[in-house]
Amino acid sequence: MSEINQKKSAIDGGNHAALWHGRFAEGPDAEAVEFETSIYADMRLAPDDIRGSIAHAKMLGKTGIIPSEESASIASELSKIAEEIRNGSLEIDTTAEDIHSFVEGVLTDRLGNIGKKVHTGRSRNDQIALDERLYLRHAVPELQSSVLELIRTLADISAEHTDSLLSGYTHMQRAQPITLAQHLCSWAWMLKRDYERLSDSVKRIELSPLGSGALAGSGLPLDREFVAAELGFVGPTQNSLDSVADRDYCIEIASDLSILMMHLSRFCEEIVIWSTVEFGFIDLSEKWSTGSSIMPQKKNPDFAELIRGKTGRVYGDLIALLTIMKGLPLSYDRDLQEDRENLFDAYDTALHCVHIFTQMIGTAKWNKEKMAASCVGGHANATDLADYLVKKGVPFRVAHEISAKSVRKCLDSNINLEDLDLEEYRKISDLIENDVYEVLKPQSCVNARKTTGGPAKERVLEQIQQLKDFCKSA
């Protein structure tokens, strides 16, 4: 029997018949069965689905809705099913309509009518909302651990390069001298906010929707507070329609993942540029590079490019989730079944990319000479010339004009500011003295910028320590 026909047989009334099949005199078309099932997307939710069912069964026994011994039997058998799935002795049947149907079907096979009582007082609508929340509560911290590892890696690399000069850029034009350490710390701070965004989003899934039923709660005396406490939630959700009808928590997590991927993509763009012969700032490990099928000499930054490309995939997942939700009336609509594939794909992609990026950047080598050379030429010390004059009492706008005229003079003579004769400087401003040449050295430019967050060594060391402290306390 083909897989589609097997699924049709199950929905028509096989061992794991669809939970709704009793109302129908005629089963759905085989192709319809294939189209509407979600088991492949749901499979990863099995542990969470079972955990929720155990809590629900305990509540049914506690409230006397079912006998306590039957409640205990259900909870015990569900625990066995979870362990068997975990160790591989029980395979998930992909002919089941969804993970809820599979778990309940196995339970019923083993306990008979007692197993059929597990769904008392609940719907798959509140069940899936619970499963997703339970899943995200342990999946998000796993991703956050990977983000922390990347932050630590960047902090460690930064600690080795507090004196490694590098030109900072705006508009991809040389701007001011900084250090590699400050530059890498800037990415680490962005990642720290990504971590915090995820933490903030998890706060909004700390309420249990179970007991909301299909949309209107239950006429049975369910103890929603007990179930919420049993599952470690702050409490139950406050409105049953809202509980089953919205997926804003999925959208919010996908949004967080999109921002995280955006940061990785921008960083990867720099790595691609910096690994070119023209820049030569970074030398990626051969373990994290690829070659060409036709050009023997090539060493390509393919992993950085792939992460950059996969960012669009995560964006697509977010847009898909938003589009699924945009026109749905209250309460539950089957469109919501489509949320899992996009949510899980966005999560898996981000998790994998963070892991790959960490290894790629952690094994790279940095060319200090080429980075330092980027600070020479391009007049990146022009602002420091202006600051030099400000310290002598010149209004900044006037100092800016004097520095700009000096740059123009250098451009006409094809030289750098540090190479302009003092005599020429004094023609522009008699306040410029011989000490200006020390001020214009790239290292001096860096050392002078001691404001909080600046590139001066002592300030960057503060940042590195702050990042490391955050990783320890997070």
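Side chains of opposite charge can pair when their charged atoms come close.

Before the examples, some housekeeping. What you see is a predicted model, where local features need pLDDT of at least 70 and side-chain atom pairs count only at pLDDT 80 or more, while totals for chains, interfaces and linings use all residues. Residues are numbered from 1 along each chain as its sequence is written, and side-chain values use heavy atoms, with hydrogens and water left out.

So, example one. Glu 77 forms a salt bridge with Arg 110, and the closest N and O atoms are 3.0 Å apart. Glu 77 is in helix H5 (residues 68-87) and Arg 110 in helix H6 (residues 99-111), so the pair ties together parts that are 33 residues apart in sequence. Helices here are DSSP runs (H or I, at least four residues), numbered from the N terminus. Is Glu 77 buried or exposed? Glu 77 is buried, at a relative accessible area of 12%, and Arg 110 is partly exposed at 35%. For the cut-offs, buried means under 20% relative accessible area, exposed over 50%, and partly exposed in between, with a 1.4 Å probe and protein chains only.

Next up, Asp 339 and Arg 247, with their closest N and O atoms 2.9 Å apart in a salt bridge. This pair links distant parts of the chain, 92 residues apart: Asp 339 belongs to helix H13 (residues 339-362), and Arg 247 sits in the loop between helix H10 (240-245) and helix H11 (248-274). Asp 339 is buried at 2%, and Arg 247 is buried at 1%.

Then there's Glu 269 with Arg 308, a salt bridge at 2.5 Å, N to O. Glu 269 is in helix H11 and Arg 308 in helix H12 (residues 302-325), 39 residues apart. Glu 269 is partly exposed at 33%, and Arg 308 is partly exposed at 30%.

Last stop, helix packing. Which residues of H4 meet H7? They are Asp 48, Asp 49, Arg 51, Gly 52 and Ser 53, where contact means heavy atoms within 4.5 Å. On the H7 side, the partners include Leu 130, Tyr 135 and His 138.

Key:
Salt bridge = Lys/Arg side-chain N within 4 Å of Asp/Glu carboxyl O. Helix = DSSP H or I, 4+ residues; strand = E, 2+ residues; numbered from the N terminus.
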